[in-house]
Amino acid sequence: MAGGSESPSVISGRNPVAYSTSDPLALFIIQLLIILCLCRALHIVLRRLYQPTVISEIIGGVLLGPTVLGRWKAFSENVFPKASLTNLNLVANFGLVLFLFIVGLELDPRILKRNLHRSLTISAAGIILPFGLGTAVSYALFKLLMHSDGRFSVFLLFIGVAMGITAFPVLGRILTEKNLLKTTVGMTAMSAAAIDDVVSWCLLALVIALTNNASGLTALWVFLVGAGYSLFVVFAVRPVYIWYLRRNGVLAGRDPKYSVLFVTFVIVLASAYFTDIIGIHAIFGAFIIGAIVPHDGGFAIKVTEKIEDVVQIFFLPIYFTLSGLKTNLSDLSDGTTWGLLVLVCFVAFVGKVVGCTAAARLNRYNWREALTIGFLMNCKGLVEVIVLNIGLDAGVINTKIFTMMVVMALVTTFATAPIVAWIYPPKYHKRLDDAYSVSEESAAEPGAGHPLSVLVVLSRIQQVPALMTLLGYLHHQPEAGAKAAPFANVRRRLYRPLRVFGLRLLEHSGRESAVMHSYEAALQVTSDPVMAMFRAFARVAHMAFHASLSYSDREHFVDSVLDSSQDADAEITVVSAFGRSSSSSSSSSAGDALGKRPARPVAVDADVMAPGWFESMGWGFSTEQQAAFITALFDRAKNHVCVFIDCGLADGGSDSAVPAPSSERDPPLSAGASAKGAACVSVAPDEPAAGDAPLPGVPAAHFADGRRVPTVLVPFFGGPDDRQAVRVAEDLCTHSAVRVVVWRLIRASEPTGRDVVLDEAQYPARPTIPQTPAAAEKRAEAANPWEASLEDAARAASDAAGPADDATSSTADQEERDEDEVFIATHLRPAELPGAEDALAPDPAPDASASPRLAPVASRDAAAAAAAAAAGGGGGDDEAGARGRIRHRITQKLRLGRLGSRTTYDSAGGLDDADDVAPTTTDGVRATRYPNMVVKTTVTATPLQTLLLHARALRAADLILCGRSVRVSRPYFSNAGELEAHRPAGHANTRGERKRALGTSAEYLLGFGTSASLLVIQAAPT
């Protein structure tokens, strides 16, 4: 400083909390820190009770005021001295102007038009009855607490307005948090509250005009000038302002420039100044300008996003803390005051709840819905506190009545969320009829079945390409020429037109703009870039598409998905997730898109590959949160649910190219060569190219340009989820550009001598996982540790279980196996495929006169089967006789099923009798009723490890349909025994929480690092 004097600081002895009119900044910062930290700490506690932020801010002010900490003289004189409150009040009122501007922005005229008749009726009843009861109570308050000080007419009008007002911003947040915004009850309450707000602010302007002017004539002039100014803004300012915005392109979705925001806030401040000088209040001018800001192109939301954080974090806590500082609960010191407080609270509840409930009943809402609307409209919140502060500053009420009314506002707001949750639980929610904007549907082909309705849930635009590819596999693409002939009959009989419902689910941030996003979601869906991309794809593909946009907090993500699935009447719900990308470059792009570190690049060694990862679902979930979301969705869903883990499906076509087949070696399959062949592909059944066949014994198929046809693999261990995966594969079969392989893996209870063993002792290094079957066989030449561990586990299980348990388990397992065999025979009609041999376990062709050889059966299982056969009256205990009865039982079920519904493939070379169905319980590859599907059976003691190893041959363009199989625990199709006896390589890369969510097979496929994408399926509960 001048003269060499030291600057004032704590080092030179300055008191850091001393208030100075010349330098009030230091104390202001301390006050601000105390206010913000206390309010945030209270909100962390109260949000568990579903309370809005305003509750914690008011309670924080009460704690800092004369009720609690203000009684400590040192605290009140040093931290909140009266002289410093002037600066706090100035900052708080400026923040209040900005907040009322945001409140005006939230009032979308399109909301007022929804259910206009019902909303007007409910709003009128919610104002008239509370206003009347408030005027009755006002007489007692005026005589007993105001002591007839002031004008009773103004006091009566003010109490009536305070009783009739509804907090529109707080109500919107409660509806969003309770997932009620897209219900008929929530939207009606929102519209009625918006009308209520507008009327209440007009009445409050009249009250302030009467208060600030002793003459009634002057007050009338003030009110008329305010009304004329409002009309001037609507009919003169608004058209010019909209012209300016349209000229700058912001109404077409363009982000507003600084000049646009400058003009907007200049208009806000000028309007606030005008309404203040005419004697109303500055907040009315800001509110009017906010109400005329257009919502086209999301402009109102974008303006809100520019200022809401500063207003919500800094300005509003200061304002409501000042309200708490004015609240002194010690003023409620006698029985009369407490009696009046109870009366005020009773009148507030009765007036709003009874009035709005009665109006809702007149509009044909049931009692539960009507009561919910009544309690929602009773939410007072921060708007009530603002009204009370205006009345206290204007001298309409004194501090005792102010304290009483603040307590009433706290009680009514605090009770809203719990009571609504109790009266109107989710099972009673009625969704809006227009939850989805319906586009034109593609015409169904003649003879097509009922539509396949699929709900696709996603969050980011990076998920769209892979989902398009998946839906393209499900959607029929017509083909012309002779190549289409083998598929025509299948499509005519079995094709189901696809209807896609797209749900973009975004996280609700808790901000005011997020609330605006929520109730404008139905209008934003037409301009959303993700849905626009999907819509363009559906239009080009002639696919029926319906779009929806939803905002929700993480706790209600599952509810949003289930509600949307119910609205769409979806047969299958598909939730998209990011998996490991198919290459290092795509991994980097996926990592950048997620805003995270790129995934580890894939190793270049031909024999090893880095394991795959389940990166993200697009919502910033941790691994535990992802698993919890998936588990909750699977557990609560009423329809079929799929989790689609994309590992590069959309960009996998580039690495599917192989040299074009020569005419000598791989001649194209003609349309009449075989009804079982693939019409659009060329096949080399005798000698598939090395490393190109998707599975041993399954020949590779190629397009005309040499690219390998994408393979859809369905690992079939058994059970309802695997059966549902086969059903989805049937829908894929109508798409001629995919090759479907149903791989039935039957677990042998004894080592077969050709089991695949992937031992951690042989593959200790984490990334060192065999890339090809050849590499695994080369390393497995050492002693096989599997046989001893499997035999030890079998002996331990036999010793632990009694004979009765063994017989029951064996019978149940056999029943499951029979059911799986009947299902495959009924749906796929497998038949012997000449010339196809299983490279993994070559078997001689079965003799037609001999009984089919089933999977090896342990001695205790064979005894149980014989006992069951003897009990059923069958002759003989030998194994062949038992298996012959199984075949007879399957044939009977097939014939009975055909009597009710004839769905067989009846083209040339088709199956005309159930006896022609080949069993799939022995090793081999069999054709099916679908030209592009085969059934491969492998009997092995290590089915999971067999799957893991040969899934390595799949590429990024391939897809695995994997049953979840978590809700069932049958040892027949469970891999628990295999995992208990032996840990395969890649076990360290799995995650226990994901295994509980996705199922064992899916998680081990991810941990083992397959290049193919996964579709994890759970069947609807029966």
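1. Helices here are DSSP runs of H or I with at least four residues, numbered from the N terminus. This is a predicted model: local features need pLDDT of at least 70, side-chain atom pairs count only at pLDDT 80 or more, and totals for chains, interfaces and linings use all residues. Residues are numbered from 1 along each chain as its sequence is written, and side-chain values use heavy atoms, with hydrogens and water left out.

2. Start with the second largest pocket. A pocket is found on a 1 Å grid over the protein atoms alone; it is an open set of points where a 1.4 Å probe fits, with protein on both sides within 12 Å along at least five of seven lines. The volume is about 980 Å³, taken as the space filled by probe spheres set on the points. The lining has 29 residues, each with an atom within 4 Å of a point. His43, Arg47, Glu177, Ser509 and Gly510 lie nearest the centre.

3. Helices α1 (25-46), α2 (53-64), α8 and α13 (299-325) each supply at least two residues of that lining. By class, the lining has 12 charged, 11 polar and six nonpolar residues. Here Asp, Glu, Lys and Arg count as charged; Ala, Val, Leu, Ile, Met, Phe, Trp, Tyr, Cys and Pro as nonpolar; the others, Gly among them, as polar.

4. Helix α8 spans residues 168-177 and is mostly covered, with nine of its 10 residues buried. Buried means under 20% relative accessible area, exposed over 50%, partly exposed in between (1.4 Å probe, protein chains only). Among the buried residues of α8 are Phe168, Arg173 and Thr176. Asparagine 179 follows α8 and has a positive phi, near 60°.

5. The structure holds 13 aromatic pairs. Rings of Phe, Tyr and Trp (its six-membered ring) pair if their centres lie within 6.5 Å; planes under 30 degrees apart count as stacked, over 60 as edge-to-face and the rest as tilted. Phenylalanine 142 and phenylalanine 155 make a tilted pair, 5.4 Å centre to centre with 50° between the planes. The former sits in α6 (residues 116-144), the latter in α7 (residues 152-164), 13 residues apart. Phenylalanine 142 is buried at 5%, and phenylalanine 155 is buried at 1%.

6. Tyrosine 229 and phenylalanine 274 are also tilted: 4.6 Å between centres, 35° between planes. Tyrosine 229 is in α10 (residues 216-247) and phenylalanine 274 in α11 (residues 258-277), so the pair ties together parts 45 residues apart in sequence. Tyrosine 229 is buried at 13%; phenylalanine 274 is partly exposed at 29%.
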